[in-house]
Number of protein chains: 2
Amino acid sequence: MVEVNPQPNSGPVHAIPPVGLSIGEAARRTGLSVHTLRYYERAGLVVTPVDRTHGGRRRYHQLDLEWITICTRLRATGMPIKGIRRYAELVAAGRGNEDERLDLLEAHLDHVLAGIAELQENLKLIAHKVDIYRGRLAAGDADRLWAPRGPSSAP
Amino acid sequence: MVEVNPQPNSGPVHAIPPVGLSIGEAARRTGLSVHTLRYYERAGLVVTPVDRTHGGRRRYHQLDLEWITICTRLRATGMPIKGIRRYAELVAAGRGNEDERLDLLEAHLDHVLAGIAELQENLKLIAHKVDIYRGRLAAGDADRLWAPRGPSSAP
DNA sequence: GATTGACCTCGACCACGCTCGAAATCCTAG
DNA sequence: CTAGGATTTCGAGCGTGGTCGAGGTCAATC
């Protein structure tokens, strides 16, 4: 299937050939589905129009993959599609709005950091409950755990 | 509007009266909307049936609020509704499944911790970009920043 | 030249987690 | 007794982020 066909003039398998990659190959490399790749494009997340073959098929080049990777990082950290589109628009607009780009990224960064802090705060309660369960199960007196309208204190 | 009506025989305003709280009050205390409170109930997240007045209105007591708070913590850490329902079912089933409850919570804990780690990993790239923007903007040579099909390397 | 599989567009559909509106009921204040 | 606001149920609707399928095109292989 994935036969490596050693060609004298080509680099490692992971290098992107000058002709670019098909959408399927791009999908494998980015970890997105081809559907999602097309969706992101439709949604305006992709800065530069993706190159096409004369027959109308997408060819992904280095820069495309790099940009898409940035998109996945932003998504993975919870930035909504709209936010990424906004960022893409700024980048696409070219020089002169770097401060806005910075603002956008910084705001996102702060947002995520705040989210992590909150997450950890909420986790405390859960971890506490886990500890209680563990302790009581180990002690063998799990019967004293909370049950509906029961007497104890650890749901 | 929110007039505090000092009553001799009642404790602090934040104490829950024996008759319980209306859904509106419960909403204010939990930070959820009344819609969401009812939704959670419908969705099977609430372990014990919420008490009702003879006229059919919900009355929330201490335990209800505590349980709902747990639900919000689980939600806030990304546990899906189904997961919380599962947990609620276990608790509702009473004694004998404490190990399952523990498994569920531990799995969630691990899941969230892994998520945080991944989040922080992804944030690195973003923070890196922020640094680059900051550095270049400070240096006043923002023109060298990435633009569509531009020469530089920092989108 | 025919087949085969990857790719194309377009619009519909899905899962999730709420959110809302209508119409009826309750209950408290005047 | 009445008016008003809070609450009830039920079902529909919404925003987000994909995911999918139909029907057609492209291109490498036999």
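Analyst: Helices (H or I, at least four residues) and strands (E, at least two) are DSSP runs, numbered from the N terminus. This is a predicted model, in which local features need pLDDT of at least 70 and side-chain atom pairs count only at pLDDT 80 or more, while totals for chains, interfaces and linings use all residues. Residues are numbered from 1 along each chain as its sequence is written, chains are lettered from A and ligands numbered from 1 in the order in which they are written, and side-chain values use heavy atoms, with hydrogens and water left out.

User: Which helix gives the most to the surface near DNA strand C?

Analyst: That is helix 2 of chain B, with five residues. The elements that give two or more residues there are helix 1 (23-30) of chain A, and helix 2 (34-42) and helix 4 (81-93) of chain B.

User: What part of DNA strand C lies within 4 Å of the protein, by atom type?

Analyst: Of those atoms, 72% belong to sugar or phosphate and the rest to bases. A phosphate oxygen of DNA strand C is 3.2 Å from a polar backbone atom of Gly24(A), and a phosphate oxygen is also 3.2 Å from an N or O atom in the side chain of Arg52(A). For Arg57(A), an N or O atom of the side chain is 3.1 Å from a base nitrogen of DNA strand C.

User: And DNA strand D: which residues are closest?

Analyst: DNA strand D is surrounded by 22 residues, the closest being Arg75(A), Ser22(B), Arg38(B), Arg57(B) and Arg58(B).

User: What does Arg57(A) do at DNA strand D?

Analyst: The side chain of Arg57(A) has an N or O atom 3.1 Å from a base oxygen of DNA strand D. Phosphate oxygens of DNA strand D lie 3.1 Å from a side-chain N or O atom of Tyr40(A) and 2.7 Å from one of Arg75(A).

User: Turning to aromatics, how many pairs are there?

Analyst: There are four aromatic pairs over all chains. The rings of Tyr39(A) and Tyr40(A) are 5.9 Å apart at their centres with planes at 50°, so this pair is tilted. Rings of Phe, Tyr and Trp (its six-membered ring) pair if their centres lie within 6.5 Å; planes under 30 degrees apart count as stacked, over 60 as edge-to-face and the rest as tilted.

User: Is Tyr40(A) buried or exposed?

Analyst: Tyr40(A) is buried, at a relative accessible area of 9%, and Tyr39(A) is partly exposed, at 37%. Buried means under 20% relative accessible area, exposed over 50%, and partly exposed in between (1.4 Å probe, protein chains only).

User: Where is the kink in helix 5 of chain B?

Analyst: The kink, of about 25°, is centred on Lys124(B). The bend at a residue is the angle between axes fitted to the seven residues ending there and the seven starting there.

Technical notes: Near = heavy atom within 4 Å. Polar contact = N/O pair within 3.5 Å; in protein donor to acceptor, adjacent residues only side chain to side chain.
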